[in-house]
Amino acid sequence: MSTTWIVIALILGFVVVFQIAKASEYVAILRGEEKTRKENNRVNAFLMLIFLLVGLFGVWYCNEKLKGKILGEAASNHGERIDTMLYITIIITGIVFLITQILLFWFAYKYQDSDKRKPFYYPHNNKLEVIWTVIPAIVLTVLVGFGLYYWFQITGEAPKNAMVVEITGKQFNWEYRYPGKDGELGKKYFKEVKEAEGNPLGQIWSDPANHDDIYATGEMHIVVNKPVKLIINAKDVIHDVGLAHFRMKMDAVPGIPTTMWFTPKYTTRQMKEKYGQDFNYEISCDQMCGKGHFTMRGVIIVESQAEFNAWLASKPAQYETAMGGGTSKPAAAPAKTADSTVANKATGKLMN
Ligand SMILES: [Cu+2]
């Protein structure tokens, strides 16, 4: 029903516009076409000037109004560099924007049609073409070069002392895994994913490196001023680990682990003192991944090494949870007290 009304309204609107256009055509004929054209031309030229002024004021006003509210402070070493790059890009493109927009609208006003002068025909100039092609090309190449340099740093090899956290996206939340004392994440296989049996990530229990791995969900804990390497996975569709405060983001692709690393600079507590108690480092999913996409908000707690150690120690290894709390015991599982340092070559195939 409402569609019918919308169609009727559109048709009526079209008829009205058509009639007005027709009426003004008759008026123009009555008053002399040439005179009307000149009048319209003057009005349009003046509107160009108004558009320029209102537009420039709008740009300034939006910036003033939203200053400091867009991204907030960058909270990682990479983030600071990305911000610098962003500001340099905005300054360069901003200057070009101002010059071109002012010239565009001012010239349209200044050189409006007039009986007092004749247009100057100037079709081509190779020198000019070269200048305005080569200069932007060089500037853009430098900007893109910086971007690539940072990109390779972020996605490249993490420092030796980096801690490792595995983050897995699923519809609709994030799951985390920390290597235990051995500092090594055990192998996984997607067919081993059995949530009811305490194996949400598909860890292969016959791999001893899995026996001390810690599983967590909801909050990710990391250590301030210590590089952290994220190993990013997905269990169903493509998600994306978006860390706006650290200026990082990376797709989580099923079957293809991706990585990125950064060093958080401030603890959550420091940020809360600065920006209020509501502050939290957030993980947002930056890919539309389904109906519950908006609920994929994770929280990162940045804390001291001691706090982190205490938190990690409070968590049982997922292996123990699976052995103790599962509905059925996984096959080929080594003894419950198995130590990851004890050689225990797998009975099954180890696949990643
Ligand atoms: Cu998602």
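Predicted model: local features only at pLDDT ≥ 70, side-chain atom pairs only at ≥ 80, totals over all residues.
Let me begin with strand β1 (residues 163-170), which pairs with β2 in the antiparallel sense over 5 bridges, where two strands count as paired if DSSP finds at least two bridges between them, and where strands (E, at least two residues) and helices (H or I, at least four) are DSSP runs numbered from the N terminus. Residues are numbered from 1 along each chain as its sequence is written, and side-chain values use heavy atoms, with hydrogens and water left out.

The link between β1 and β2 is a hairpin through 2 residues, and lysine 170 has asparagine 173 in β2 as its bridge partner. On to the next pairing: β2 and strand β3 (residues 214-217) run antiparallel and are joined by 4 bridges, with tyrosine 178 bridged to isoleucine 214 in β3. Strand β2 (residues 173-178) is largely enclosed by the rest of the structure, because 5 of its 6 residues are buried, buried meaning under 20% relative accessible area, exposed over 50% and partly exposed in between, with a 1.4 Å probe and protein chains only.

Tyrosine 178 brings us to the core. Tyr178, Met220, Leu230 and Leu243 touch the most other members among the 38 residues of the largest nonpolar core, a nonpolar core being a set of buried Ala, Val, Leu, Ile, Met, Phe, Trp, Tyr and Cys residues joined through side-chain atoms within 4.5 Å. Strand β5 (residues 228-234) supplies the largest share of this core, 4 residues. If we leave aside neighbours within four places in sequence, the contacts of methionine 220 (heavy atoms within 4.5 Å) include Val165, Tyr178, Leu230, Ile283 and Val299.

Let me now turn to the open sheet, whose 5 strands have the order β4-β10-β9-β6-β7, with mixed pairing. Its edge strands are β4 (219-223) and β7 (248-252), each of which pairs on one side only. Within this sheet, β4 and β10 pair in the parallel sense over 5 bridges, and glutamate 219 stands opposite valine 299 in β10. β4 is mostly covered, with 4 of its 5 residues buried. Further along the sheet, β6 and β9 run antiparallel and are joined by 2 bridges, with glycine 242 opposite serine 284 in β9.

Finally, which residues coordinate the copper ion? They are His239 (ND1), Cys285 (SG), Cys289 (SG) and Met296 (SD), at 2.1 to 2.4 Å, where donors are N, O and S atoms within 2.8 Å of the metal (3.2 Å for Na, K and Ca), and sites may look incomplete because water is not among the atoms. Along the chain, the donors of the copper ion follow the spacing H-x45-C-x3-C-x6-M. Distant parts of the chain are linked here, since histidine 239 lies in strand β6 (residues 239-243) and methionine 296 in the loop between β9 (281-285) and β10 (298-303), 57 residues apart. Histidine 239 and methionine 296 are both buried.
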